[in-house]
Amino acid sequence: MIVFLVRRIAAGLVLVLVIATTTFALMGLTGSDPVRQIVGQTATRQQVAAKSAELGLDQSFVARYGHWLSDAVHGNLGSSWFSGESVTGSLANKLPVTLSIVLAALLLAAVLSTVLGVAAAVRRGALDQLVQLLAVLGFAVPSFLVALVFAVVIGVDLGWLPATGYVPLADSAGGWLKSITLPALSLSVGAIAATAQQVRGSMVDVLRADYVRTLRSRGISERSLLFRHALRNAAPAALTVLALQFIGLVGGAVVVEKVFGLNGIGSQATTAGSQGDTPVVMGVVVVMVALVVVVNILMDLAYGWLNPKVRVG
Amino acid sequence: MTLPQPEATAHTAAVPGRAGLLRRLLRSPVAVTCLVLLVLISLAGLFAPLLTGQDPAHTSLTDSLAPMSGKHPLGGDGVGRDVLARLLYGTRTSLLGALLAVAVALVIGVPAGLVAGYYRKWFDAVSSWLANLLMAVPAIIVLLVVMSAVGQNTYIAMAVFGVLMSPGVFRLIRASVISVREELYVDAARVSGLADPRIIRRHILPVVQAPTVIQAAQMLGLGIVIQSGLEFLGLGSADQASWGSMLNDAFANIYTRPVLMVWPGVALAVTVAAFGLLGNALRDALDGSAVKARRPRGAARKRAAEKKAPSATHETSGADDALLVLEGLKVSYPTAEGEKTVVGGVSLTVRRGEVLGLVGESGSGKSQTAFAVLGLLPREARVSSGRLVFDGKELAGLGRAEMNRYRGRRIAYVPQEPMSNLDPSFRIGSQLVEPVRRHLGLSAAEARAKTLGLLERVGIADPERVFDSYPHQISGGMAQRVLIAGAVSCEPDLLIADEPTTALDVTVQAEVLDLIRSLQRERNMGVILVTHDFGVVADICDRVTVMQTGAVVESAPVRQLFAEPRHPYTRMLLSSTLEDAEPRSALGPAVPASVATSMNTARQEGPA
């Protein structure tokens, strides 16, 4: 168990490192000239050189990367080239926004896909068809389009929930919940569809399994059969899909944050990306990949807990 | 915004030729609709200059947010560009970008998957590691970085997205190749000295073709989604009309003119849905081929079942001490060619404390009969039964909950295949304790003690260890003992054992039969022992009912049946089982044609 955990964490760290290095190299190749953008078109050659030296851009690539890496290991991700704001500080401010909608979307996807998938597998018929249709729709309609429709219809026309803005959890729990409902819901549609499809498929398979028939032959209740035995056996496959979907959720947050005017890491990524603000881009990439790594390790642990063959064998 | 998941490779088992797949695809209305839509959409993009005279990039302040008119059939956008022209020209960007992404994904993924799957070794290790790495990164983040590094160009972004999707292709191809490379015919080709490239081209490519086409259709949809997402964020070639940039513009004017969202939104959703549904239809067409291959044998069995042999029953059913009386049981399944009868009017009786052998070959309907008594037939099954009387009470027509009062408590079941009949996710103990607590109302400690006692009774040397084990940690013979313990745990009156020894080693078979016999005597249970083995019948049965193609052909006390079998089918079964039997061929003419057919029926093929 401990060995497994250590190995997974090590693999995660390697992933973060590889992605960070690649990103740094890519940003170093940048075709546009960030210094010129920062100081403006009218700046003198001396001003440009001074700014370059200030940002450390006059050093070699290896030196710059080594510098960034040693700072990063100590928790310092540098400061934005454009605003001068500390990257660690601004990420810390924005992370709660993104985490709120991404984790809420993950939770929604887990719960709703289980309910829909189990219902479709057990009841079949019209409900089953509905879930299948939903799966195709969830695939076809990008999350930002869902977000746009939700924002206009539910947020603006009906006025049921706020269409823009974020209320911190510390300020008001109700306000927080209201402010993240639409973003999380629109973000999760695709993941719900894909995972529900998997839950349904696995449940159908498990319910056909010999051991379910044998359990039934012992007269245990239908509820225990479905939710204790069948769902438990169908869960690992669904969890694998959910883990993959989570990666998509993190990416989708970038677009959904724009629609709902949320000042999270995603919108920061968009701005920094288009400016070529290397320290901010690096910070965003590291945090997002780390988030994926952490959630995947948690899912692996849940997988091990669900599947005794992995756990014991 | 998700990378495509690697497809299950189950489809690769039965892959039809490309021509066959296309023909089947054209028979599906969904597929045809999708294809027609996609052709129309492509044509609209291709002939955009003919369909509109407007320049999609021409801005005009006077036409800003212009209403629909002759000049602008769909109106103007925020900066006065013609919406229809942008929609049509945007089709080009979307489709070309998606095609580029898919092409890149295939060019990287297919060869890498082939090489990794076929040669394995270091290349497999390295490329699998890279694939996992790529799949763990949110695509849109990578694209943001790339766009900020190399500039705002939609096609470059889509090429990079192709790289990001290539792990999906790689994993699919690799898994397919690994599954076929172990096949005998591939092995044979290798042994006969065929060069690797030739083997790959002749034997492996045809297998991976179909799943790759399915995945390509879904990736085209994904490519369009991710591309429009980027453009919506304001990234991508600024001078190029695209659906995503139209949505960006619509978003900027969302309060003044929300209708601007509709056109690109609908175009996007319809195109992506068409690709997705096309992928699904392709998969269904593939699956359909597998179903089709099985049909002829099922049909043969149906004919055989209709041609029932006359039944030669020695005694009347419904004797006074009868524990179970079954009369006129019919079981059928709906199939593509109508109802398929697997049990056609079976009657049988089990007395208290009596062991009834239910004998017949695979496909004779004996297991189906057993499941019908337990109410455990699959949902699709249609059951009609004259009478199903257990201990004086009519069970036919009882609901699931009512049946659960009998199942496990008074009628119990021992399955055929021990390993697949234990829930792999739960410890043996908890599986056994659950029904005991439910039916007998015992406390957890009492149930545990009782279960440990049972495990000891069925001959398990170390009950505590087995109690705490998971099914994969014990042997098949031990698992069967566990299942027998589970069946008798609530002291049932009737035990139905479905070929309980077939899956076991010969040495263990005798022990398990002894165990069933001794438990039966000890508790005076009625037993229905489903078997095809007259050796087993001779060992422990009191009476025998012989079934052939869904009907009872003969029913008699065991001595009488062995001494003077009346039905030719019984004689044939006896002669093929008993050691002193004549050679089978000598009996050939006595066997009805239908027997020969049913003997060819594969066991796993039936719904049992």
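How many helices and strands does chain B have? Chain B has 22 helices and twelve strands, where helices (H or I, at least four residues) and strands (E, at least two) are DSSP runs numbered from the N terminus. This is a predicted model, in which local features need pLDDT of at least 70, side-chain atom pairs count only at pLDDT 80 or more, and totals for chains, interfaces and linings use all residues. Residues are numbered from 1 along each chain as its sequence is written, while chains are lettered from A and ligands numbered from 1 in the order in which they are written.

**View 1. Chain B and its two assigned domains.** Domain 1 of chain B covers 18-287, and domain 2 covers 351-378 + 393-575; these bounds come from an automatic or database domain assignment. Taken over C-alpha atoms, the centres of the two domains are 55 Å apart. Of the 608 residues in chain B, 48% are buried. Here a residue is buried if 20 or more other C-beta atoms lie within 10 Å of its own, exposed if 12 or fewer, and partly exposed in between, with C-beta atoms placed from the backbone. Looking at contacts in chain B between residues at least 6 apart in sequence, 71% join residues at least 24 apart; two residues are in contact if their C-beta atoms, placed from the backbone, lie within 7 Å.

**View 2. The side of chain B that touches chain A.** The contact takes 63 residues from chain A and 60 residues from chain B. On the chain B side, the elements that each supply at least two residues include helix H9 (196-232), helix H11 (262-306) and strand S8 (411-414). H6(B) gives the largest share, ten residues. By class, this side of chain B has 36 nonpolar, 17 polar and seven charged residues. Ala, Val, Leu, Ile, Met, Phe, Trp, Tyr, Cys and Pro count as nonpolar, Asp, Glu, Lys and Arg as charged, and the others, Gly among them, as polar.

**View 3. Helix H10 of chain B, residues 243-252.** Nine of the ten residues in this helix are buried, so it is largely enclosed by the rest of the structure. Among the buried ones are B:Trp243, B:Met246, B:Asp249 and B:Phe251.

View 4. Most residues other than glycine have a negative phi. With 15 other C-beta atoms within 10 Å, B:Arg120 is partly exposed. B:Glu491 is exposed, having 12 other C-beta atoms within 10 Å.

**View 5. The meeting of H9(A) and H10(A).** A:Val212, A:Leu215 and A:Arg216 in H9(A) meet A:Leu225, A:His229 and A:Ala230 in H10(A). The residues of this contact divide into four nonpolar, one polar and one charged.

**View 6. The largest nonpolar core.** This core has 251 residues, and those with the most contacts inside it include A:Ala105, B:Leu143 and B:Leu529. A nonpolar core is a set of buried Ala, Val, Leu, Ile, Met, Phe, Trp, Tyr and Cys residues joined through C-beta atoms within 7 Å. H10(A) gives the most to this core, with 20 residues. Leaving out residues up to four places away in sequence, A:Ala105 touches A:Ala184, A:Leu187, A:Ser188, A:Ala191 and A:Leu249.
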